[in-house]
Amino acid sequence: MNQKLTVGIADMKIGKGNDLLVTYALGSCIGLCFYDQRTKTGALLHIMLPLNMEPGRKNPLKYADTGIRETLRQLETQGASRSRITVKIAGGAKMFEVNGGNLGNIGQRNIESVHTILRMEGIRLLGEHVGGNVARTMLLDVDSGQSCIRSYGRPDIIF
């Protein structure tokens, strides 16, 4: 039976077999589809910020560094192997112009942080649809490992 699992902001879900994972509202946030083809186990993580640098933060899934590591840990408890796990990412848009201030382009900072953490963890990045100024919806078909990106008024991107 197919199960559709919706992943919220600063959230992650793991699926097996015929599950479909989906997350909405990827603006400057990044969606990461993790997949182990042998076990047909996948996860979808929706991170908001690049690094968890403040003490007392309770939700590791909100940040690229702690979110990626926690997702890998949970996938391994489900039988996935780090050596087989691959990732596809989407998001990291620049949704608003910010004059002054030190925030900069949070979408670009998220993209750079995700790239760095995946490289540090030895996880292969198979594809990405990042940047620009459009919000995205990201889906993962756990059976096939295919990811789909949907944006209003644009054709779907399957990768």
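Predicted model: local features only at pLDDT ≥ 70, side-chain atom pairs only at ≥ 80, totals over all residues.
View 1. Residues are numbered from 1 along each chain as its sequence is written, and side-chain values use heavy atoms, with hydrogens and water left out. A residue is called buried under 20% relative accessible area, exposed over 50%, and partly exposed in between (1.4 Å probe, protein chains only). Helices (H or I, at least four residues) and strands (E, at least two) are DSSP runs, numbered from the N terminus. Because seven of the seven residues of strand 4 are buried, this strand is largely enclosed by the rest of the structure.

**View 2. The partners of strand 4.** Strands of a sheet pair through backbone hydrogen bonds, either parallel or antiparallel. Two strands are said to pair if DSSP finds at least two bridges between them. Strand 4 and strand 5 run antiparallel and are joined by seven bridges, and Ile 30 stands opposite Ile 47 in strand 5. Strand 4 is also joined to strand 6, again antiparallel, by six bridges, with Val 87 in strand 6 as the bridge partner of Phe 34. Ile 89 also belongs to strand 6 (residues 86–91), and this residue is buried, with a relative accessible area of 0%. From Ile 89 to Thr 71, which is 18 residues away along the chain, the separation of the C-alpha atoms is 14 Å.

View 3. Most residues other than glycine have a negative phi, and most peptide bonds are trans. Where does Lys 40 lie? Lys 40 is placed in the loop between strand 4 (30–36) and strand 5 (41–47), and in this hairpin, which has four residues between the strands, Lys 40 takes a positive phi near 50°. Lys 40 counts as partly exposed because its relative accessibility is 32%. Ala 25, which is found in strand 3 (residues 20–26), has a phi near 65°, a positive value in a residue other than glycine. With a relative accessibility of 49%, Ala 25 likewise counts as partly exposed.

View 4. Strand 3 and strand 8 run antiparallel and are joined by five bridges, with Leu 139 in strand 8 as the bridge partner of Val 22. Leu 139 also stands opposite Cys 148 in strand 9, and strand 8 pairs with strand 9 in the antiparallel sense over four bridges. Strand 8 (residues 136–141) is mostly covered, since five of its six residues are buried.

**View 5. From the hairpin of strand 8 and strand 9 to strand 10.** In this hairpin, which has five residues between the strands, Gly 145 takes a positive phi near 80°. Strand 9 (residues 147–150) pairs with strand 10 in the antiparallel sense over two bridges, and the bridge partner of Ile 149 is Ile 157 in strand 10.

**View 6. A charge over a ring.** The charged end of Lys 88 sits over the ring of Phe 159, at 5.7 Å from the ring centre. To be listed in this way, NZ of Lys or CZ of Arg must be within 6 Å of the ring centre and within 35 degrees of the ring normal.

**View 7. The second largest pocket.** Which residues line the second largest pocket? Its lining is made up of Leu 49, Pro 50, Leu 51, Asn 52, Met 53, Glu 54, Arg 57, Tyr 63, Ile 106 and Arg 109. On a 1 Å grid over the protein atoms alone, a pocket is an open set of points where a 1.4 Å probe fits, with protein on both sides within 12 Å along at least five of seven lines, and lining residues have an atom within 4 Å of a point. About 190 Å³ of space lies in this pocket, where the volume is the space filled by probe spheres set on the points. By class, the lining has six nonpolar, one polar and three charged residues.

Definitions and conventions
Nonpolar A, V, L, I, M, F, W, Y, C, P; charged D, E, K, R; others polar.
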